[in-house]
Amino acid sequence: MSATTYANKNATCVSMTSTSGDYKTGNGPTGTYLNRTDTTFTPNDWHNSNSIMSTTAVRQQGGSLEIRQSARKLRNDTHSLTNWGQHDNTTRLSDRMRDLIAWKDKLEQTIADTDVEIALLTNHKERCETALTNMTTPFEVAHDNLATRTIRVAIDLVEDEVQQELNKEVEVIDGIKEKLKQKVNEAFQQLCALQDAYNAMCDDLADKMHCLDIDQQCHGLTNQSANIGFHKNASKIAKGIVLPDAWDCHSNYNTQRALSEIKSSTALREAINNSIEQTANDLEAQRLRTEYAFRKRIHEVQMAKDELEWQQRNTKREINVLQDDIRGLK
């Protein structure tokens, strides 16, 4: 575009040059005008400039649309992944709580069974101790009988069948006492084993209850829960953590150990019952043999006494007759 000069009767000409860029002022009918010099362009330049700006705007808009779509896709993918992760973890927590509840129930039942078995075995141990205490009297009686029979004199101090049976009775009572003492010791050791298993299960149950309480709290958390926030290194595996298989094995070991001890305790209770009954029968049998020997010996001594007394009377009578004959001879 070339410079044009407009002439007016009362106006000052405004001239524009292509190089200076200076501003000049002049007076006109409406006031003072700014006379500026600047670069001039062709219409093609103007159209090209608008086209470039429009193209650039369209390109930028396309890039922005692509970024928005990518951002929306990332947001949707992240939202879906987060929701799925929350659902998956909630399901895992539910499964975990079911496992905890199952182990809790099993531990509680086994603890109750162990507690009952401890009470039963304690009762049998006390019965065995009572039976052991009851051996004191028969043992003292047998020893008193042996001591008393030592005061027999002369030919009557004989080691007869009564003496033999009394010695056997002492031996039987000694054997019974040793057997009952052994059962009492076995019952004590078994009670200690049962108590250890009981304590281990109680500790395991307390841990399960604590873990179940934590998992229930976690299971109840939602995105709208209060006092939730980001915890650094929350997903880091803590030192000393165990795997689920090891966790199962620990509780299974505790319950199986308790069941094994219960089984051993049941067998020991039966053995204690058998021992008490057997020892009572052995002692009664030996008592009957000793009493029979006593009755037999008393009968023998009574017969001997009667015979001696009869012979004594006959002898006295014979002496009297003989004395009469002697007096007759005199």
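This briefing walks through the helices, salt bridges and a few individual residues of the structure above. The model is predicted, so local features need pLDDT of at least 70 and side-chain atom pairs count only at pLDDT 80 or more, while totals for chains, interfaces and linings use all residues. Residues are numbered from 1 along each chain as its sequence is written, and side-chain values use heavy atoms, with hydrogens and water left out.

**Overall make-up**

- The protein has four helices and two strands, where helices (H or I, at least four residues) and strands (E, at least two) are DSSP runs numbered from the N terminus.
- Reading from the N terminus, the order of elements is β-β-α-α-α-α.
- Of the 330 residues in the protein, 20% are buried; buried means under 20% relative accessible area, exposed means over 50%, and partly exposed lies in between (1.4 Å probe, protein chains only).
- Among contacts between residues at least 6 apart in sequence, 75% join residues at least 24 apart, a contact being heavy atoms within 4.5 Å.

**How H3 and H4 pack**

- Helix H3 (residues 161–220) packs against helix H4 (residues 244–329) at an angle of about 165°, and their axes are 8 Å apart.
- That angle makes H3 roughly antiparallel to H4; angles under 35 degrees count as roughly parallel, over 145 as roughly antiparallel, 65 to 115 as roughly perpendicular and the rest as oblique.
- For these values, axes are lines fitted to C-alpha atoms, for helices over the stretch in contact, and angles run from 0 to 180 degrees between N-to-C directions.
- The crossing of H3 past H4 is left-handed, meaning that the near helix is turned anticlockwise from the far one by less than a right angle (clockwise would be right-handed).
- The contact of H3 with H4 is made up of 22 nonpolar, twelve polar and 16 charged residues; Ala, Val, Leu, Ile, Met, Phe, Trp, Tyr, Cys and Pro count as nonpolar, Asp, Glu, Lys and Arg as charged, and the others, Gly among them, as polar.

**Salt bridges**

- Side chains of opposite charge can pair when their charged atoms come close.
- The structure holds 15 salt bridges, each a side-chain nitrogen of Lys or Arg within 4 Å of a carboxyl oxygen of Asp or Glu.
- In helix H3, Glu186 and Lys183 are three residues apart, about one helical turn, and they form a salt bridge with the closest N and O atoms 3.5 Å apart.
- Within this pair, Lys183 is buried at 14% relative accessible area, whereas Glu186 is partly exposed at 29%.
- Helix H4 holds Glu309 and Lys305, four residues apart or about one turn, and their side chains meet in a salt bridge at 2.6 Å, N to O.
- Glu309 is partly exposed at 29% relative accessibility, and Lys305 is partly exposed at 40%.

**Lys104, a buried charged residue**

- Lys104 sits in helix H1 (residues 43–134) and counts as buried, at 15% relative accessibility.
- Leaving aside residues up to four places away in sequence, Lys104 touches Leu205, Met209 and Leu212.
- The side chain of Lys104 also meets that of Asp105 in a salt bridge (3.5 Å, N to O), and Asp105 is partly exposed, with a relative accessible area of 40%.

**Thr222 in the loop**

- Thr222 lies in the loop between H3 and H4 and is partly exposed, with a relative accessible area of 43%.
- Although Thr222 and Gln86 are 136 residues apart along the chain, their C-alpha atoms are separated by 9.1 Å.
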